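Reader: Please walk me through the features of a protein model. Give me the cut-offs as we go.

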Amino acid sequence: MTAETATATSATATADFTPLSDARLAELREGFDSREANRIAMNAVTDAGIDKVARNFDRARLMQRRFSVTVDNGKVTSQARSGRCWLFSSLNVARFVAKKNLGIKDFEFSQSYAMYFDKLERVNYFMQDVAALVAAGEPSDSRLMQHLLHDVMGDGGQWTMALNVYVKHGAVPKDLFPETASSQNTGQMNTNLRALLRGAVCKLYAGEDAQSVIDETLAAAHRILTIHLGTPPTSFDWEWTDDDGEFHRVGEITPVEFWHKYVDAGLEDYVCLVDDPRAEHPKGVKIGIEHLGNVVGGTPTEYLNVPVSFMKECARRIMSEQGIPVWFGADCHPMMDRENGAWATDLFEYGRVYDVDYAMDKEERVRFADSAMNHAMAFVGVDVADDGTTTRRWRVENSWGDKIADKGYFTMSDDWFSEYVYEVAVPKSMLPKEYQEALTTPALMLPAWDPMGALA
C-alpha cells in the first residue's frame, strides 16, 4: 500500500465517524444533572480531590498493620526525584545482609555509585545493540528502533540488571560516594545523555564508522556522568565501629571485594519469578525480552513465569526461614494511599463516585496497557494465618523517605498482591525440580515493547 493509498483509506474511514454534536452534548449535560449523586460528587471532588472522596473509610480503618513475621531493616531510604527504586530496593536487601555481618544497625550502600555504572554500562549496551541493528538494515522508523530511541537512558531497571552491576563493579558505603544534585534529580542529566545517544544513532544511519561512533559516545557519556555524579572510587580504606563499640579496620579494599565480603547471602544466584497472566504465555516457561539489558556479557534479563500463589509462597518462606527481605516489582499506582502507606484492591471506591464499572482483571489490564510493573520495593514482613501458610497481608519497605506511611513502611493486602505484584527475586535453590529444569531451556522471547519488559 502506497502512502497516498493509506492516506485515502484513513480519510475514508474517519469520514464515517459520528461528530460530537451540540444535541449530543446537551443530552450528556442533561443526563449528568439528572443524577443527584453526580452533583454531590462534583461538589466534593472539585474541593477535596478524588482520593479524599473515594477513599473507603471502613476498609482503611479496619486494615491491620501487624505482622506475624517481620524483618527489621531500620530506617527507610529515599530515592528523591529519581527512578532508581530498583537499585534502592535491591541494595536494601543487600544492606540487611551487610548490617548483620558488620554488626551495625545503621548502614546504607551508595545508590549513586550503582547508578553511575549502570548508566555507563547501559550506554555501551545500547550503542552496540543499535549499531548491530543498523548494520542489519533496521529502518530508522521501525517500531523497534523508535521504541529503543524513545525508551533510552531512563532510570528504571530490573533485579538481574542490578546484580549485573554489583557483580562487575561491586558496591561502596554511601558516605564514600554520596548523593549529588543530579543523583537526586536525574531529569537534566538523563535528557543530555538521551540527546547524546540519539545523535550517535543519527551518525550511524548517516554511514559513519560504527566503532568510532561507539567509542566517542562512550567517552562522552563517561564525561557527563562523572561531571554530574563525581569520580567513583576504585578502592578505599574501610574501617568502622560496630554497635558494641568495637573498632574494626580492614585496610584497603575494592568495591568488588567489599560486595563479596559483606553481602554473602548468594544474591547472585537468585532468579526472577513473574506472573504474566496472559493465556498464551504458559506457567512454568522462561520468558525473555528482546534488547533488554545493561551489562554486555552479564546475565540476561529473563524470568520464570509462575502462578502468583507460588510467588507468595517463596516470599513468605524467605522471610520466615531465612529472615531476609525480598525484592519485588509491582504496579504501585492503583488503589494506593501514599500518605498513610496502604494498598488494597477496595481501598478507593472510584466506580461508585463515577458510576463506572472498572471490571478488567489482571490479564485484561496487562493486555490493554492498563497495568505493568513500574516500581520495585522489598517485602520485610508478612502476616500468616494459623495454618502456617496462608498469607493475609504484607509489610513493604519503600524508598520514598520516612515522612509518609509508617515512617516509610507500607502495608499491602494479600488480594492487592495477587492483582498488582508482577515479580519477585528468589534463590534458585528453592525452586522445585520442574522449575529448575525450565530455567535451562531457551526463553520464550517477547518483543522489546512487551509489558513484561517494563522497568521499575
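This is a predicted model: local features need pLDDT of at least 70, side-chain atom pairs count only at pLDDT 80 or more; totals for chains, interfaces and linings use all residues.

Reader: How do I read an aromatic pair, and how many aromatic pairs does a search of the whole structure find?

Author: A pair of aromatic rings is described by the distance of the centres and the angle of the planes. Rings of Phe, Tyr and Trp (its six-membered ring) pair if their centres lie within 6.5 Å; planes under 30 degrees apart count as stacked, over 60 as edge-to-face and the rest as tilted. Searching the whole structure gives 26 aromatic pairs. Take W240 and Y262: the centres are 5.9 Å apart, the planes stand at 85°, and the pair is edge-to-face.

Reader: Which elements hold W240 and Y262?

Author: Helices (H or I, at least four residues) and strands (E, at least two) are DSSP runs, numbered from the N terminus. W240 is in strand β2 (residues 236-241) and Y262 is in helix α13 (residues 255-262), so this pair ties together parts 22 residues apart in sequence.

Reader: Is W240 buried or exposed?

Author: Buried means under 20% relative accessible area, exposed over 50%, partly exposed in between (1.4 Å probe, protein chains only). W240 is buried because its relative accessibility is 12%. Y262 is at 4%, so Y262 is buried too.

Reader: What about the rings of W416 and Y420?

Author: Their centres are 5.2 Å apart and their planes meet at 40°, so W416 and Y420 make a tilted pair. Both lie in helix α17 (residues 414-420), four residues apart, which means about one helical turn separates them. W416 is buried at 0% relative accessibility. Y420 is buried at 10%.

Reader: Which residues do ring pairs link into a cluster?

Author: The cluster holds F107, F109, Y166, F236, W238, W240, F258, W259 and Y262.

Reader: How do I read a charge over a ring, and where does the charged end of R338 sit?

Author: The test is geometric: NZ of Lys or CZ of Arg is within 6 Å of the ring centre and within 35 degrees of the ring normal. The charged end of R338 is over the ring of W400, 4.1 Å from the centre. K362 lies over the face of Y422, 4.8 Å from the ring centre.

Reader: Next, the core. Which residues of the largest nonpolar core touch the most other members?

Author: A nonpolar core is a set of buried Ala, Val, Leu, Ile, Met, Phe, Trp, Tyr and Cys residues joined through side-chain atoms within 4.5 Å. The largest one has 134 residues, and L273, F379 and M412 touch the most other members. Helix α7 (residues 111-135) supplies the largest share of this core, with 13 residues. Contact means heavy atoms within 4.5 Å. Beyond four places in sequence, L273 touches residues including L304, F310, Y422 and L431.

Reader: How do I check the span of helix α12?

Author: The expected span is 1.5 Å times one less than the number of residues. Helix α12 (residues 210-229) has 20 residues and reaches 28 Å from first C-alpha to last, close to the 28 Å expected. Its buried residues include V213, I214, A220 and L229. Among the elements that cover them are α7, α10 and α11 (187-205). Just after α12, G230 has a positive phi of about 95°.

Reader: Which strands pair with β10?

Author: Two strands pair if DSSP finds at least two bridges between them. Strand β1 (residues 69-70) runs antiparallel to β10, with two bridges. Strand β7 (residues 326-330) is also antiparallel to β10, with five bridges; F328 has M377 as its bridge partner. Strand β11 (residues 391-397) pairs with β10 in the antiparallel sense over six bridges. β10 and β11 form a hairpin with six residues between them, and G388 in the turn has a positive phi of about 85°. In strand β10 (residues 375-384), ten of ten residues are buried.

Reader: Finally, where are G284 and S182?

Author: G284 is in the loop between β4 (270-274) and β5 (286-289). G284 is partly exposed at 22%, and it touches L304, N305, Y435 and A438, leaving out residues up to four places away in sequence. S182 is in helix α10 (residues 181-184) and is buried at 14%.

Terms used
Residues are numbered from 1 along each chain as its sequence is written. Side-chain values use heavy atoms; hydrogens and water are left out.
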